[in-house]
Amino acid sequence: MAFFIASSPHTHSKKSTPDLMKWVMLAALPGLVAQTYFFGWGTIIQLLLALFIAVLLETAVLLIRKRHPLSALRDYSALVTAWLLAVAIPPYSPWWIIVIGLIFAIIIAKHLYGGIGQNIFNPAMVAYVVLLISFPVQMTSWITPVELNQDPVYFIDAFSLIFSGFNHEGLSLAQIRTGIDGVTMATPLDAFKTALHSGSTASEAMKQPQFHGFAGIGWEWVNLAYLAGGLLLIKLKVIDWHIPVSFLASLIIVSSFFFMITPGETASPILHILSGATMLGAFFIATDPVSASTTVKGRIVFGAFIGFLVFVIRSWGGFPDGIAFAILLANMCVPMIDYYTKPRTYGH
């Protein structure tokens with residue numbers, strides 16, 4: 001008999017890695033549909049482009065590493081990375097944004113560490129942070145939801161915006177994002193933080209049109225859609241409940257505490273959990289079996305740490321949403337978390 005030593009992810013599920021990856025993409029479909037409905041066809045175009053580029057990059061790297069590309073491509077890990085990055089960036093970002101991001105995700109964050117199972121950071125989040133720091137204008141150019149957008153963006157317009165920078169009428173993305181009143185609409189988290197910095201209270205900030213008195217038009221439905229997909233993953237035992245539950249519980253507890261003691265200066269728990277990339281991060285990104293903690297107690301600590309960091313970055317950091325930074329910082333702490341939470345050896 002031969003004894004095989006394999007790298008992570010080590011999972012107790014009877015499903016193979018390709019099966020797990022396919023279920024992740026299937027569970028993300030409700031969120032993809034919601035994003036497309038509220039923010040236009042750009043999300044679908046970015047996803048198709050990302051999947052194509054990911055396959056090309058993965059094949060090229062595998063050939064350079066003298067590995068058979070077809071056998072490795074069948075694990076679908078590159079497609080999942082491409083999917084997560086495509087839905088995380090603004091839907092009408094220039095085409096080269098997703099290309100640069102995937103180069104960092106697949107070549108640097110994944111294969112330079114040895115490929116699937118060897119990377120210490122989540123590849124999609126590495127790419128997202130690199131893009132956000134390098135191209136802040138393009139990475140914060142989210143378009144308003146369809147019902148608030150005064151210039152509807154059809155499929156041909158979306159395609160033209162992504163690949164040429166202008167729609168069929170010659171309008172740029174900046175002109176489309178700016179309404180007739182000359183004010184560029186921002187995402188709910190960005191608008192909330194900007195309003196607080198300008199001297200408004202939290203209740204005054206929530207009166208802006210993109211909030212609609214709740215967590216942001218479109219954004220709450222997108223998060224609920226990813227929540228539904230995440231619960232499906234837990235039910236099918238594709239992921240464990242420890243990370244997403246501790247993540248959301250930590251974010252709710254910390255945001256509730258500060259909302260009670262400083263109600264005019266911090267966002268409500270509802271805004272935190274139903275806006276931005278909260279549910280996507282909790283169920284689809286933080287649960288990456290390679291870069292997350294491997295012990296049961298460690299996963300709870302790992303998720304709670306991410307939830308705490310997300311609140312801190314959103315409240316006092318320089319970026320509206322802190323999911324990517326929080327996950328990468330938690331990835332750095334995984335060795336220490338695992339060391340102090342590893343189960344005791346039987347008999348000791």
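Here Ala, Val, Leu, Ile, Met, Phe, Trp, Tyr, Cys and Pro count as nonpolar, Asp, Glu, Lys and Arg as charged, and the others, Gly among them, as polar. I note at the start that this is a predicted model.

**Entry: second largest pocket**

I sorted the lining of the second largest pocket by class. I got ten nonpolar, five polar and one charged residues. The space in the second largest pocket comes to about 250 Å³. It is lined by 16 residues, and Tyr92, Pro94, Gln138, Ser141 and Leu173 are the closest to its centre. I then looked up which elements give two or more residues to this lining, and found α6 (95–108), α8 (136–139), α9 (155–164) and α10 (173–177). The most comes from α9, which gives four residues.

**Entry: cavities**

How many cavities of 30 Å³ or more does a search of the whole structure find? I found two. The largest cavity has a volume of about 480 Å³. Its lining holds 30 residues, and Ala88, Tyr128, Trp142, Ala277 and Asp321 are the closest to its centre. I listed the helices that supply at least two lining residues each: α5, α7 (123–134), α11 (188–197), α13, α16 (278–285) and α18 (323–341). Which element gives the most to the lining of the largest cavity? I found that α13 does, with four residues. By class, I sorted this lining into 21 nonpolar, six polar and three charged residues.

**Entry: largest nonpolar core**

In soluble globular proteins, nonpolar side chains tend to be buried together. I looked up the largest nonpolar core here, and it has 102 residues. Ile98, Leu102, Tyr128, Phe284 and Ile306 touch the most other members. Helix α5 (residues 77–88) gives the most to this core, with ten residues.

I followed up on isoleucine 98. Setting aside neighbours within four places in sequence, I found isoleucine 98 in contact with Gln46, Leu49, Ala50, Leu85, Ala86 and Ile89.

**Entry: two single residues**

Is histidine 272 buried or exposed? Its relative accessibility is 3%, so I count histidine 272 as buried, since buried means under 20%. Histidine 272 sits in helix α15 (residues 269–273). Beyond neighbours within four places in sequence, histidine 272 is in contact with Leu251, Ser255, Ala267, Thr278, Phe311 and Arg314.

Glutamine 210 is in the loop between α12 (202–205) and α13 (219–235). Its relative accessible area is 5%, so glutamine 210 is buried. I checked glutamine 210 against threonine 187: they are 23 residues apart in sequence, and their C-alpha atoms are 7.7 Å apart in space.

How values were computed. Residues are numbered from 1 along each chain as its sequence is written. This is a predicted model: local features need pLDDT of at least 70, side-chain atom pairs count only at pLDDT 80 or more; totals for chains, interfaces and linings use all residues. Side-chain values use heavy atoms; hydrogens and water are left out. Buried means under 20% relative accessible area, exposed over 50%, partly exposed in between (1.4 Å probe, protein chains only). Contact means heavy atoms within 4.5 Å. On a 1 Å grid over the protein atoms alone, a cavity is a set of points where a 1.4 Å probe fits but cannot get out, and a pocket is an open set with protein on both sides within 12 Å along at least five of seven lines; lining residues have an atom within 4 Å of a point. Grid points are joined across faces, edges and corners, and a volume is the space filled by probe spheres set on the points. A nonpolar core is a set of buried Ala, Val, Leu, Ile, Met, Phe, Trp, Tyr and Cys residues joined through side-chain atoms within 4.5 Å.
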